[in-house]
Each structure stands twice: as C-alpha cells, then as structure tokens.
Amino acid sequence: MTNDILDLSAKVGRALQAKGLLLVTAESCTGGGVAQAITEVAGSTAWFDCGFVTYSNASKTELLDVSAALIAQLGTVSEEVASAMATGALANSNAHVALSTTGIAGPSGAVPGKPVGTVCFGWARGDTVQTERLVFAGDRQAVREQTVVHALQGLLRIIE
C-alpha cells in the first residue's frame, strides 16, 4: 500500500468523522482494496461500518440486491451496476455513504466497448448516487491501485 493511498484514506476518515458519517464499501475489481486502505488508518472503526467484496454476479445479487436482469442487460461493468451496488450497500448496512467499484483489471476479461482497465464507480449518500466510468492504463496492479485512489477521491467530493 502506497503512502499516497494511506494519506488519502486518513483524509477520508477525517472528513467522514467531522460529518458524523459511516462508510460502507461494495467492491468487485478491487477485491477489498478500498476497505484494506481504510482499515489501515488507526481509529477507522469510528467511521467505517463494513465492506462487501462481491466478485461474482451472484454475490452482487444476493448481498447487494443488484438485479440479475440489470447485470444480464448491461454487464457487470456498467455505471448502472455500480450505482445499484452502492445503493444496495447502503440498504444492507448501517452506513450513511457508500462507494462501489466494478471493472476489468486484466490481463483478460475485455469485451467489445470495455477494454482492460475499464472501471465503473458509484458513490451514494442518502438518495443521491453519482457514477463514473474511466479507463486506466497499466497492468492489473496499476489498474487496481488507480481504482482505489479514484474511489477515495470521489468519496471526498460527496462528503465535503
């Protein structure tokens, strides 16, 4: 874990704690990397409720209430699924804000219109959900690290 990610996680923690908010994560392509970064910060129990690592489509449906029809229609790597993951994480936790990641870290898994490095993000606070789709360069590790950083940066935008 890089110092930049740790510093960003601590900044997120301070912002959440200042607002009295709890966070939940719903991760696919990052495999719990965001939750790991957050829990590296001492005292994160004050602002982190829980994390869901929903790597399979079935787990997204069973744990986060993501519609199987939505996944079948748009694919797992879509802003709509990222939105549903964030919303489902909020509904299935005690948190006030959520972030989600779903993507193709590589080296395989690309499909037409979704190259390796494609990641969709969701950030939810109350009834408001923001999503974004980006394509990152690099190998699997680089894509996952960039995803963790961007997820945390997006979270800061919705809580500050």
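Reader: Which residues does UniProt list for "domain: CinA C-terminal"?
Author: The unreviewed UniProt entry lists residues 8-157; such annotations may be inferred rather than shown by experiment. This is a predicted model, in which local features need pLDDT of at least 70 and side-chain atom pairs count only at pLDDT 80 or more, while totals for chains, interfaces and linings use all residues. Residues are numbered from 1 along each chain as its sequence is written, and side-chain values use heavy atoms, with hydrogens and water left out.

Reader: What makes up the span of residues 8-157?
Author: The span is 43% helix and 23% strand, and its end C-alpha atoms lie 12 Å apart. Helices (H or I, at least four residues) and strands (E, at least two) are DSSP runs, numbered from the N terminus.

Reader: Why is Cys-120 called buried?
Author: Buried means under 20% relative accessible area, exposed over 50%, and partly exposed in between (1.4 Å probe, protein chains only). Cys-120 has 0% and therefore counts as buried. Cys-29, at 3%, is buried too.

Reader: What makes the contact of Glu-132 and Arg-157 a salt bridge?
Author: The term requires a side-chain nitrogen of Lys or Arg within 4 Å of a carboxyl oxygen of Asp or Glu. Here the N to O distance is 3.7 Å, so the pair qualifies. Glu-132 is in strand β5 (residues 128-135) and Arg-157 in helix α6 (residues 140-159), 25 residues apart.
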